[in-house]
Amino acid sequence: MATQIGIYGEKTLHRELKWMIEPTGAYHEVPVGKHIADIKTESGIIEIQTQSLHRLRGKLAAFLPDYIVTLVYPMPHEKLILWMDAENGEILRTRRSPRRGSYYTAFRELYYIKHLLISENLRLRLILLDVSERRIGGGWRKRYHKIDTDIRSVYGELAINNLADYQLLVPTMLSEPFTSRSYAAATGLNMKDAGVALNVLYHVGAVERIGKTGNMYLYVRHTRCASQ
């Protein structure tokens with residue numbers, strides 16, 4: 001039954017990551033209370049979330065009091081788009097997206113679980129992937145339907161195992177104090193996403209606010225966090 005629950009409706013990206021992380025399959029889809037853990041071993045639970053992290057809030061809240069939980073969150077670094085024929089699945093054309101993902105884009109989703117990030121039982125694995133995304137549609141109105149996503153290669157990975165590790169997401173080139181504007185320039189984020197990122201970093205204690213310049217906060221790296 002547990003295996004059927006895991007396979008039903010599972011997307012390719014989620015399945016590929018699960019087998020990449022635990023290739024035997026012996027620890028997949030394990031019931032834990034009212035939930036099903038993607039992977040559960042003697043070391044703890046691994047949850048893989050390829051979509052919005054807010055969907056995982058209840059599950060994480062149930063697991064974290066009793067287990068070490070590693071949250072695996074993949075993001076596309078480079079995306080090859082395959083436009084397919086809706087009738088026969090033939091690939092009509094390919095296009096390489098000009099956008100490049102980075103670890104900093106994770107903040108858009110981490111914001112929705114920021115109250116859980118301070119748990120000493122939570123670990124993060126941010127994985128950057130080069131992927132192929134299959135689509136149909138995309139006519140003159142630019143509407144399309146994403147069919148599935150496949151891993152082409154793993155570009156990189158960032159592990160956050162404690163609160164001090166969040167300072168890995170504060171670029172070393174940033175001189176102090178800095179604002180959301182300078183953080184945006186250093187990370188390639190837009191101003192809105194930079195504000196969200198610093199909100200999360202402030203919440204977990206990686207940065208602190210020391211004042212304002214105009215309507216923007218001034219930030220410095222949290223010295224207590226850096227010394228851990």
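1. Of the 228 residues in the protein chain, 46% are buried. The model is a predicted one, and the comments below should be read with that in mind.

2. Overall layout. The protein chain contains 8 helices and 9 strands. Its C-alpha atoms fill a box of roughly 60 × 50 × 25 Å along the principal axes. Among contacts with a separation of 6 or more, 56% are between residues 24 or more positions apart.

3. Largest pocket. The volume of the largest pocket is about 1100 Å³. Its lining consists of 38 residues, and Met75, Pro76, Lys79, Arg108 and Glu133 lie nearest the centre. By class, the lining has 13 nonpolar, 13 polar and 12 charged residues.

4. Where the lining comes from. At least two lining residues are supplied by each of helix H2 (12-21), strand S4 (69-84), helix H4 (107-110), strand S6 (122-137) and strand S7 (144-160). Strand S4 gives the largest share, with 7 residues.

5. Asp193 is part of helix H7, which covers residues 191-203. Asp193 counts as buried because its relative accessibility is 13%, and the cut-off for buried is under 20%. The side chain of Asp193 makes a polar contact of 2.9 Å with the side chain of Arg108.

Definitions and conventions. Residues numbered from 1 in each chain as written. Predicted model: local features only at pLDDT ≥ 70, side-chain atom pairs only at ≥ 80, totals over all residues. Heavy atoms only, no water. 1 Å grid on protein atoms, 1.4 Å probe; cavity = no way out; pocket = protein on both sides within 12 Å on 5 of 7 lines; lining within 4 Å. Points joined across faces, edges and corners; volume = space filled by probe spheres on them. Helix = DSSP H or I, 4+ residues; strand = E, 2+ residues; numbered from the N terminus. Nonpolar A, V, L, I, M, F, W, Y, C, P; charged D, E, K, R; others polar. Buried < 20%, exposed > 50% of the residue type's maximum accessible area, 1.4 Å probe, protein only. Polar contact = N/O pair within 3.5 Å; in protein donor to acceptor, adjacent residues only side chain to side chain. Contact = heavy atoms within 4.5 Å.
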